[in-house]
Amino acid sequence: MVKSWRQHLLPETGLKLIVSAADQQPNSRCLLSRNKISMISKFSSLRLGMDGEELTEQETALYDRQIRVWGADAQRRLSKARILVYGMKGTVAEFCKNIVLAGVGSLTLVDDRVATEEALSSNFLIPSDEKVYVGKTLAELCCDSLKDFNPMVRVSVEKGNLSSFGVEFFEKFDAVVVSCVSLAAKKLINDKCRKLSKRIAFYTVDCRDSCGEIFVDLQDYRYSKKKLEETVEYRLYYPTFEEAISVPWRLLPRKVSKLYFAMRVIEKFEETEGRNPGEVSIADLPGVLKLKQDLCTVHSLNESHVPDTLLERLVAASTREFPPVCAIVGGILGQEVIKAISGKGEPFKNFFFYDAMDGKGIIEDVSDSNNGR
Amino acid sequence: MASQLQLSAVKGAKVLMVGAGGIGCELLKTLALSGFQDIHIIDMDTIEVSNLNRQFLFRQSHVGQSKAKVARDAVLKFRPQINIIPYHANVKDPDFNVDFFKQFNVVLNGLDNLDARRHVNRLCLAANVPLVESGTTGFLGQVTVHVKGRTECYECQPKPAPKTYPVCTITSTPSKFVHCIVWAKDLLFSKLFGDRNQENDLNTRSSDAASSSEPVEDVFERRKDEDIEQYGRRIFDHVFGYNIELALSNEETWKNRNRPRPIYSKDVISDELAQQNGNMDRNFATDDGSSVSAMVPLGMKNPQDIWSLTENSRLFLEALKLFFTKREKEIGNLSFDKDDQLAVEFVTSAANIRAASFGIPLHSLFEAKGIAGNIVHAVATTNAVIAGLIVIEAIKVLQNDVKNYRMTYCLEHPSKKMLLMPVEPFEPNKSCYVCSETPLLLEINTQRSKLKDFVEKIVRAKLGMNFPLIMQGSALLYEVGDDLDEDMVANYAANLEKVLAELPSPVTGGTMLTVEDLQQEFSCNINIKHREEFDEEKEPDGMLLSGWTQPLPAAEKADKSITNGASTSKTPIIPVEPEKDDEIDKVSTGKKRKLSESSEIAEETRNHKQLQLIDDEDDLVMLDGGDSDSYKKNRLQ
């Protein structure tokens, strides 16, 4: 849906993008020539009017308060969007609740793991009754609860290993969200999303202890924003996860969040040691600190940018999530996916970090500014 | 973060949640997941369909049931072992007194109106229980912490006041659609379907008869032999035609304004169409009063469409007719309710016809309903984020981690790269009349204003008291309570009708009044200053309260109410201190930059600060003035 809407926007108008000096701006936003904007928006709204069916009375009543936030057009686009998620822990449970309530078209859950005591601890989608949860996978349990939240959304389960799914599987979706997966899996799935001709929004989300991280790849994304009286079109180029994390650390903005480095260190540690995501404990701290040292040396970065205390917190937390942080990060992620699908609002590029210790929710642009990305 | 210390603080805590709505549902879930075991929750509301898009603990089958009770049952499904006590009641009920509040370690607000927030603030101050306060509007939200003596109380900072409009703007010179809505809702709707004995400004401006002699025939009264079609057309022609012509005759008014156009029903609806109007109801309207709609029989389906003047006129006549044919019993007792479909249709159509008359752009029913019902924009995601932030602050409060308390703003557009921006809390405002007991000053005409005016406009509206007691020295002038004997009740009723200077113990310039609320255990002193005249437009109350931070005028649109208004706050905003390991950056960038950056953050936060997010569901738009004699006299001069 997002894709088809995007296509209406430009090719058919015959307008060319005018890439301005904005390229050198940190966010590499490109502005379309302003006098042509009104034409574009007129055209696109016409198109939307033609192919977007009207919301039903039931939808208007249910979504009344949010239509007042993002408008009926955005609601129509949401209702056609197909979302895939993997990794049914607390943060993803929060995210799923948010987009099911928002009224996306469909939500597909992948997670064959069975429910454990720990899975229950921060996931409100799993009933505490053992009779209910025994023998079912996390995806199945969450699916049952989510269906209840909004009968207008199709929630379903797909079995199997996400990394082994072919490119054509991902083509069925408009946005893919993965959590609790290895570094290799993040890269692999991101690349599969990229291989398709249609644009798929790709997100990773992870919460450890009282910290959370979101990564987003919207590829080549255009959106419009009202500035004073006129609507201005913006364009954002996103790097893939692999491209983003390959940016040499010393080239990053001076005050980039320390969480960015800390998450990369732990991710790398888990990969080298062959661990599953989160499968670390305080006993691993010396190894993690050693790796941090090595990485800082390779990247010529002062070690103080990756505080030991922060690494210690993250390692000690293991796979445990802190429910208020799940709510916060799952909420921000929900908002971002809604923005990307509906085309309303300004999505962030390309990392978001939250740490309950300092209370800041920060956006970081981690991309190589030299190659236009 | 999730240390043993923290866990034990959470497990042993007894918390009170006020509100089980948008924020409340999210909050109850997050509290339960975070290990809270003893949660009490108060909410007077029942579940509505428009709640279901974000209040995820509720289902279609729960519509009509108590929010507090259903929320409890839903959370027990995934945390059966915890204790949740629901109260389907108003937090302002006398049962929830200071002693009730004292049993809790922390109070968490997820409220939707200013009045209840102020009430809970005072109870928390009186009971000395910390309060975590919150609010959301669309993508914006905020969480603040209020601990007596440590941080500012909820009322230390100015809050946007309910928007009021000068009477003459509404009755004679509307320039915005909202003015037409207020006219349609507060004047026309009340006149036709509400309490007819209530004073109403609908005709005062357009008809001089009202001020000169005995009331002649009430044009709004349906004549004995009049059929409903005739009556509807007569009302239409009177309010949209005749009244406009009358207004036009006052040339002075239109010197610098666009002249309105009188609209008569025959000009916009042909006889043929009117005939159709008359014939359709039998086929469509049901007997169930609440679901009566005028849109349906007219084939007007999409509430997002902007209808033409003719369509609005037909809707107006149809809605009026349906009120008289299907809901006759309710006439005389109706007040506007945003969930009453027919009322929304009537108000939308009336506002649009008036808008057409005054050259104001017409609006869809969906938009008109939002304005008339002060409907707050709300999404699930913001509520979820805010609830998470509330729990984080609540845990700090339980651990008495004072230096880490934060106010946090959830922003729509990043500021300094931040979407979630923490700010250090303010100290208590020394001149706050609520938590610092500073006397207030009231300028009032003591020879003209009655005690009743003082009670309504100051004690209730401005000071937010529910069970007031007013004393001059040791003399009791007024009090409210269930246990008063008849003599006292009669005595107080008599006092209400007296002007201040003629009370048993006269209130004149230089007098000091003490006003107390027994339930809130809150008391304040007011110094009285006599003043002869008040400006009708700027001081519509006919009195002026000062000595505390004046509320900001709320913006006309709900979504602007958080981004408008000049700051009256003198308190500097302290941005959050950088963490210790930031020091390396400090060295490398130099002190100067650091400081300038801090002040920019301060500037940003000041902008946010002055705009408290208040998702009031009620009383944001109301008509002010016109209900006191002194005020009327001023206006006529």
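Buried means under 20% relative accessible area, exposed over 50% and partly exposed in between, with a 1.4 Å probe and protein chains only. This is a predicted model, in which local features need pLDDT of at least 70 and side-chain atom pairs count only at pLDDT 80 or more, while totals for chains, interfaces and linings use all residues. Residues are numbered from 1 along each chain as its sequence is written, chains are lettered from A and ligands numbered from 1 in the order in which they are written, and side-chain values use heavy atoms, with hydrogens and water left out.

**Exercise 1.** Classify the ring pair Phe100(B) and Phe101(B), and state whether these residues are buried or exposed.

*Solution.* Rings of Phe, Tyr and Trp (its six-membered ring) pair if their centres lie within 6.5 Å, and planes under 30 degrees apart count as stacked, over 60 as edge-to-face and the rest as tilted. The centres of Phe100(B) and Phe101(B) are 5.9 Å apart with planes at 75°, so this pair is edge-to-face. Both Phe100(B) and Phe101(B) are buried.

**Exercise 2.** Classify the ring pair Phe240(B) and Phe316(B), and find the helices that hold these residues.

*Solution.* With centres 5.3 Å apart and planes at 75°, the rings of Phe240(B) and Phe316(B) are edge-to-face. Phe240(B) belongs to helix H9 (residues 228-248) of chain B and Phe316(B) to helix H13 (residues 309-326) of chain B, 76 residues apart; helices here are DSSP runs (H or I, at least four residues), numbered from the N terminus. Phe240(B) is buried at 2% relative accessible area, and Phe316(B) is buried at 0%.

Methods:
Helices (H or I, at least four residues) and strands (E, at least two) are DSSP runs, numbered from the N terminus.
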